[in-house]
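Good morning, everyone. Please take a look at the model on the screen, and then I will walk you through it.

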Number of protein chains: 2
Amino acid sequence: MIEFIRIRPEQMRSEFCRILRKHGFDEDEAIGCADIFTLNSLDGVTSHGVNRFPRFIKNTMEGFIRPGSKPSLISSFGATEQWDGNLGPGPLNALFATDRAVTLASASGIGMVTLANTNHWMRAGTYGLRAAQQGNAMICWTNTCPNMPAWGAKDARLGNNPCVFSVPFGDSAVVLDFAMTLFSYGKMENYRNAGKKLPFPGGYSTTGTVTNDPSEILKSWRPLPAGYWKGSGLSLLLDILAAVLSGGKSTHEVKSCSSEYAVSQVFIAFNLKILHNCDSVNDTISAILGDLKKSIPADEESAIRYPGERIEAFRNDNQVNGVPVDKALWTSICSL
Amino acid sequence: MIEFIRIRPEQMRSEFCRILRKHGFDEDEAIGCADIFTLNSLDGVTSHGVNRFPRFIKNTMEGFIRPGSKPSLISSFGATEQWDGNLGPGPLNALFATDRAVTLASASGIGMVTLANTNHWMRAGTYGLRAAQQGNAMICWTNTCPNMPAWGAKDARLGNNPCVFSVPFGDSAVVLDFAMTLFSYGKMENYRNAGKKLPFPGGYSTTGTVTNDPSEILKSWRPLPAGYWKGSGLSLLLDILAAVLSGGKSTHEVKSCSSEYAVSQVFIAFNLKILHNCDSVNDTISAILGDLKKSIPADEESAIRYPGERIEAFRNDNQVNGVPVDKALWTSICSL
């Protein structure tokens with residue numbers, strides 16, 4: 001079992017900044033990346049926050065992530081732009097692409113930006129939240145290395161290709177951030193680290209039986225797609241679209257998960273202000289969520305929530321009390 | 001058990017045409033609708049082809065579907081247009097919206113058309129195939145009446161909101177057409193009619209236990225979302241986006257499934273010809289599918305297929321041998 005300590009977000013951010021500067025990122029890049037890793041941790045997504053930070057530094061040292069590298073425009077047409085991420089830091093490339101898509105959408109109602117040759121964007125929801133702050137709905141996704149077998153297959157040839165659907169709501173957003181596996185790798189690692197079983201069978205053991213033991217699935221690389229054939233099919237289509245629209249690599253070209261780099265991403269922003277009924281967007285969403293909340297729970301333990309509903313509670317708690325971090329992990333981060 | 005006869009597609013189409021003309025559709029509308037119901041049946045999707053035709057006529061007689069009604073423009077901005085479907089026949093409205101989105105995409109790279117107050121579009125894949133014929137990728141979806149409980153809930157407040165992701169490929173397309181329930185209602189009806197159990201638990205019985213008996217789930221209205229909380233979350237976001245982007249009704253406003261009408265739909269077309277790498281689109285898709293096909297099957301019964309792969313085989317077989325139709329159903333259709 002892991003011993004957790006709570007780290008204040010300011011301390012976390014400043015430690016990340018120090019390490020990023022030491023590894024070749026300029027001040028703006030270091031602040032930008034440190035902000036994202038800290039915010040993801042604050043929001044409770046430590047799997048793509050503090051827990052993932054050492055790997056980000058490792059990938060930088062290996063040359064997969066290139067400090068100082070900025071996106072460059074490949075082509076543009078109407079409301080669309082294709083950019084080369086030039087292997088720059090994934091979260092900064094993705095924020096840039098989000099903001100460009102929002103800009104295109106302000107001129108055309110809808111805007112699409114694609115990134116080829118970019119890197120892992122960490123938490124997918126970050127970009128849905130960013131678009132929401134600017135009053136935009138967003139659909140965005142990334143492909144990944146091959147980490148999920150197709151439905152009916154043993155060997156991982158599809159990515160889990162995290163995908164976001166988001167809309168602004170009040171001061172925050174409704175943000176659906178989901179990988180194509182039933183349980184994301186980060187989630188399975190959290191369960192394993194806590195010594196817990198998954199609440200549902202999430203993949204196959206190394207001996208080929210369906211299991212809810214996360215450590216077995218993390219060894220076998222045979223997670224189940226969400227919705228079986230449906231998650232498998234959606235993964236395939238997201239990969240095809242990412243590769244085709246960006247002109248970048250598809251999952252089978254990314255090849256290795258130990259050194260995943262040069263992935264492809266798509267960002268589609270929807271400017272809600274230009275809509276005929278824009279005044280009522282928030283009311284419409286409020287009424288839909290209000291109806292959802294009237295649902296009769298299946299049992300006493302069931303809670304009916306909308307995607308992203310708990311972000312604020314996590315953020316507020318962690319802001320006040322600090323982010324829970326594996327003590328050994330934090331010690332090793334501080335030595336980077 | 002049902003006795004099947006095989007009906008030649010020309011006979012089916014001409015019978016549909018006759019009945020549609022009799023129920024107030026003009027010649028163009030009748031031909032347009034008959035084509036879609038026949039093609040869906042030819043492609044093996046009888047649940048949204050011949051099997052659904054009597055309900056389409058019933059909904060027309062009830063006044064939910066209005067012959068002669070055409071879409072009217074509500075607003076347009078840049079690469080986006082909002083249309084009112086005016087309760088016209090859903091498949092024709094959806095074809096119209098697909099073609100408009102393709103036209104917008106030819107000017108702007110990407111184009112979005114929304115429909116408020118439209119009707120059931122039958123088979124979602126129809127519109128992905130139509131966009132593909134014009135060299136466009138497409139993402140489109142519809143909301144529905146409340147026919148699926150949210151994850152953790154007993155009562156159906158979400159729709160199963162069928163969604164399409166498609167890309168042209170060779171002379172055809174890769175078309176993912178999926179409802180948010182693990183098994184669509186049409187699929188569950190097919191299993192029930194064939195006296196078969198579902199291959200996986202697909203929902204709850206009327207007494208609240210998880211079951212693979214399709215007739216129990218069709219009674220309880222408690223299908224499981226695909227990927228549990230993931231299908232539930234995606235259903236919610238598709239509904240919010242459909243309502244907000246179109247200005248039309250959301251699932252909770254559609255209310256009744258016995259007389260579902262005035263749904264909202266979104267069509268996003270992607271013009272692949274304007275892309276920097278457009279020459280290689282087909283090669284890229286071919287390479288991705290080629291890699292997928294190298295998958296090691298999990299067991300002897302597993303086949304690794306891409307979405308839409310079997311359409312051509314169904315179509316060719318049914319073209320030559322006729323579409324398999326429930327004999328009693330066909331007799332009742334001929335009496336309409």
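Let me begin with a term for later: a crossing is left-handed if the near helix is turned anticlockwise from the far one by less than a right angle, and right-handed if clockwise. Helices (H or I, at least four residues) and strands (E, at least two) are DSSP runs, numbered from the N terminus.

Now the ground rules. This is a predicted model, where local features need pLDDT of at least 70, side-chain atom pairs count only at pLDDT 80 or more, and totals for chains, interfaces and linings use all residues. Residues are numbered from 1 along each chain as its sequence is written, while chains are lettered from A and ligands numbered from 1 in the order in which they are written.

First, two helices of chain B. The axes of H4(B) and helix H5 (residues 125–133) of chain B come within 10 Å and cross at roughly 35 degrees. Axes here are lines fitted to C-alpha atoms, for helices over the stretch in contact, and angles run from 0 to 180 degrees between N-to-C directions. Which hand does the crossing of H4(B) and H5(B) have? It is right-handed.

Who touches whom? Residues are in contact if their C-beta atoms, placed from the backbone, lie within 7 Å. On the H4(B) side we have Pro91(B), Ala94(B), Leu95(B), Thr98(B) and Val102(B). They meet Thr126(B), Tyr127(B), Arg130(B) and Ala131(B) in H5(B). By class, that contact has six nonpolar, two polar and one charged residues. For the classes, Ala, Val, Leu, Ile, Met, Phe, Trp, Tyr, Cys and Pro count as nonpolar, Asp, Glu, Lys and Arg as charged, and the others, Gly among them, as polar.

Next, the sheet of chain B. Seven strands form an open sheet, ordered S2-S3-S4-S12-S5-S8-S9, with mixed pairing. Strands pair if DSSP finds at least two bridges between them. S2 and S9 of chain B stand at the edges with a single partner strand each, so one side of each has no neighbour in the sheet. Neighbouring strands are turned by 15 degrees against each other on average, direction ignored. S3(B) and S4(B) run parallel, joined by five bridges. Within S4(B), Thr114(B) is the bridge partner of Gln82(B). H4(B) packs on this sheet, touching S3, S4, strand S5 (136–142) and strand S12 (263–271) of chain B. Its direction makes about 155 degrees with that of S4(B).

On to helix H1 (residues 9–22) of chain B. Which residues of H1(B) are buried, meaning 20 or more other C-beta atoms, placed from the backbone, within 10 Å of their own? They are Met12(B), Glu15(B), Phe16(B), Cys17(B), Ile19(B) and Leu20(B). Their cover includes helix H2 (27–42) and helix H3 (53–61) of chain B. After H1(B) comes Gly24(B), with a positive phi near 100 degrees.

Finally, the two chains together. How many residues does each chain give to the contact? Chain A gives 66 residues and chain B gives 66 residues. On the chain B side, the largest share, 12 residues, comes from H8(B). That side divides into 42 nonpolar, 18 polar and six charged residues. H8(B) lies across strands of chain A, including S9, and runs at about 135 degrees to S9(A).

Note on methods: Two residues are in contact if their C-beta atoms, placed from the backbone, lie within 7 Å. A residue is buried if 20 or more other C-beta atoms lie within 10 Å of its own, exposed if 12 or fewer, and partly exposed in between; C-beta atoms are placed from the backbone.
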